[in-house]
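Colleague: Hi! I'm new to this one, could you walk me through it?

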Amino acid sequence: AQKVVGKGLAVYCAFQIVNSLLAVLSQRSGMGDPAGRLISLAVWAMSGGTVRVNQEAVSQVVTLAFVGVLAAVSLRGFIKNTTRLLAARLGGGSRAHRSLVCSLANAVGLYF
């Protein structure tokens with residue numbers, strides 16, 4: 001299931017890159033992304049057509065959420081690999097290893 005979600009997000013990101021490039025080259029404003037359109041259509045359909053949703057706002061929120069997820073996953077992978085490297089070099093239970101891991105987590109927390 002995780003691979004399917006990952007592949008779906010990869011396809012969505014590739015679509016967004018191509019769509020953005022075409023929008024810049026043709027100097028047109030964005031027509032919205034499929035996720036924003038799908039969410040606004042679903043809200044409209046579930047409300048029986050009484051609630052209208054601003055597709056641009058939904059698109060921005062969805063895009064921001066995807067970027068947040070990608071940043072969190074990348075950050076998690078970075079910390080995980082750095083922890084493995086430090087454990088291999090300094091020994092997993094050593095005091096220096098724990099101190100460096102805490103310092104790395106603190107620095108990353110300050111970054112965000």
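Colleague: So, how much accessible surface does the chain have?
Modeller: The accessible surface of the chain is about 8600 Å², and 68% of that belongs to carbon and sulfur atoms. Keep in mind that this is a predicted model.

Colleague: Good to know. What pLDDT does the chain average?
Modeller: The average is 77, and 89% of the residues score at least 70.

Colleague: Which helix has the lowest mean pLDDT, and which the highest?
Modeller: Helix α4, residues 95-111, has the lowest mean among the elements of the chain, at 75. The highest belongs to helix α1, residues 2-26, at 80.

Colleague: How many of the residues count as buried?
Modeller: The chain has 112 residues, and 14% of them count as buried. On contacts, taking those with a separation of 6 or more, 32% are between residues 24 or more positions apart.

Colleague: Let's go helix by helix. How far does α1 reach?
Modeller: Helix α1 has 25 residues and reaches 36 Å from its first C-alpha to its last, close to the 36 Å expected at 1.5 Å a residue. Its buried residues are Y12, Q16, N19 and A23.

Colleague: Those numbers go up in threes and fours. Why would that be?
Modeller: An α-helix has 3.6 residues a turn, so residues three or four places apart point the same way.

Colleague: Now α3. How does its span compare with what it should be?
Modeller: Helix α3 covers residues 55-90, which is 36 residues. At 1.5 Å a residue they should span 52 Å, and the end C-alpha atoms are 52 Å apart, so the two agree. The buried residues of α3 are V58, S59, V62, T82 and L86. After α3 comes G91, with a positive phi near 90 degrees.

Colleague: What is Q55 doing in there?
Modeller: Q55 lies in helix α3. Leaving out residues up to four places away in sequence, Q55 touches R37 and S40. The C-alpha atoms of Q55 and P34 are 9.8 Å apart, while the two residues are 21 apart along the chain.

Colleague: Buried or partly exposed, that Q55?
Modeller: Partly exposed, because its relative accessibility is 35% and buried would mean under 20%.

Colleague: Switching topic: which residues form the nonpolar patch on the surface?
Modeller: The patch is made of I39, V43 and V51, with about 190 Å² of accessible area together. I39 is found in helix α2, residues 34-46, and V43 is in helix α2 too.

Colleague: How exposed are those two?
Modeller: I39 is partly exposed, with a relative accessible area of 38%. V43 is partly exposed as well, at 31%.

Colleague: And what does V43 touch, leaving aside its neighbours within four places in sequence?
Modeller: V43 is in contact with V51 and V53. The C-alpha atoms of V43 and V53 are separated by 7.4 Å, and these residues are 10 apart along the chain.

Note on methods
Residues numbered from 1 in each chain as written. Predicted model: local features only at pLDDT ≥ 70, side-chain atom pairs only at ≥ 80, totals over all residues. Heavy atoms only, no water. Buried < 20%, exposed > 50% of the residue type's maximum accessible area, 1.4 Å probe, protein only. Contact = heavy atoms within 4.5 Å. Areas by Shrake-Rupley, 256 points an atom, 1.4 Å probe, with all protein chains shown as cover. Patch = residues over 30% accessible without salt bridge, like charges linked within 9 Å, V, L, I, M, F, W, Y side chains within 5 Å. Salt bridge = Lys/Arg side-chain N within 4 Å of Asp/Glu carboxyl O. Helix = DSSP H or I, 4+ residues; strand = E, 2+ residues; numbered from the N terminus. Expected span 1.5 Å × (residues − 1). pLDDT = per-residue confidence, 0-100.
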